[in-house]
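Please examine the sequence and the structure shown below. A short report on selected features follows.

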Amino acid sequence: MHPIIRLVNRNLTISLNPGFLIWQVIFPLIYIFVAGFAYAPLISAVPFGNKDLDYPAFLASGMIGFNIMNSTLISGIIIWNDRKHGMFEQIMSGPFTRSHYILSNICTIGIIGLVSASLIAVVGYPVFFESVEFSLVTIPIIVFGAITGSVLFGSLASIISTRLRSSEGFNVIINTVFLFFAFVSTAFYPAGGAPEPLRTAFYLNPLTYLVDVIRAGIFGTVTEFVIIEMIVLVVIASILFVIASRLLTKLDF
């Protein structure tokens with residue numbers, strides 16, 4: 001078996017436990033079916049592209065991007081735990097290289113991102129099916145968002161995990177950063193109604209681009225601006241991936 005496949009299998013085995021899978025479904029369910037319908041009487045419609053969405057549909061589609069981001073925490077947690085418990089030394093003493101380790105982490109978060117996106121798409125489909133406009137680009141765009149978002153946020157989590165050694169510092173920083181991304185984005189509410197400078201902050205947040213791209217694929221509203229957002233996602237993901245790879249390559253285990 002190829003070393004990368006062996007490491008991916010190891011990463012998935014320690015990551016995809018029943019508790020993680022339940023959390024990945026239950027948490028979005030609470031938002032979609034509790035918050036979504038609770039706020040629906042207050043928010044009659046949310047403009048997106050050239051159409052108006054009801055709030056539960058807007059929120060359910062946003063939760064796909066949110067869950068992709070949330071699932072990539074696994075990357076940082078794996079790296080941090082490997083450093084803490086001495087697993088790096090054991091892995092490096094086997095038939096593995098640092099390149100194998102880095103690529104296996106990227107493959108792991110890509111797989112988890114796709115699984116996470118699929119789970120929420122299935123769970124949320126009854127909510128937004130009336131507004132869905134499937135086309136030939138729908139599935140490719142969702143796959144693009146899942147993979148690009150996984151690499152982007154997984155690389156960011158990896159960068160944080162390489163710079164911190166204390167469990168308290170790691171947990172505080174990683175959760176603060178990802179909470180900021182979650183709530184200063186269009187995952188839960190549109191940017192149009194937000195005051196400045198919050199509205200500007202929305203578009204300094206890569207999660208906003210990820211959510212917009214996924215919504216565009218689901219609701220058939222791919223525009224020139226969405227294509228620009230896709231390019232921005234690729235650029236940011238590439239930069240963060242290069243930085244994370246170099247930090248992991250130079251890391252003193």
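Is Ile 109 buried or exposed? Ile 109 is buried, with a relative accessible area of 2%; buried means under 20% relative accessible area, exposed over 50%, and partly exposed in between (1.4 Å probe, protein chains only). This is a predicted model, in which local features need pLDDT of at least 70, side-chain atom pairs count only at pLDDT 80 or more, and totals for chains, interfaces and linings use all residues. Residues are numbered from 1 along each chain as its sequence is written, and side-chain values use heavy atoms, with hydrogens and water left out.

| Residue | Relative accessible area | Class |
|---|---|---|
| Ile 109 | 2% | buried |
| Ile 239 | 49% | partly exposed |

Ile 109 lies in helix α6 (residues 98-128), where helices are DSSP runs of H or I with at least four residues, numbered from the N terminus. Beyond its neighbours within four places in sequence, Ile 109 is in contact (heavy atoms within 4.5 Å) with Thr 72, Ser 75, Ser 150, Val 151, Gly 154 and Ser 155.

Ser 75 is also one of the buried residues of α4. Helix α4 (residues 73-84) has twelve residues and reaches 16 Å from first to last C-alpha, close to the 16 Å expected at 1.5 Å a residue; the expected span is 1.5 Å times one less than the number of residues. Because nine of its twelve residues are buried, α4 is largely enclosed by the rest of the structure. Just after α4, Gly 86 takes a positive phi of about 75°.

Ile 239, by comparison, is found in helix α11 (residues 224-250).

Note on methods. Helices (H or I, at least four residues) and strands (E, at least two) are DSSP runs, numbered from the N terminus.
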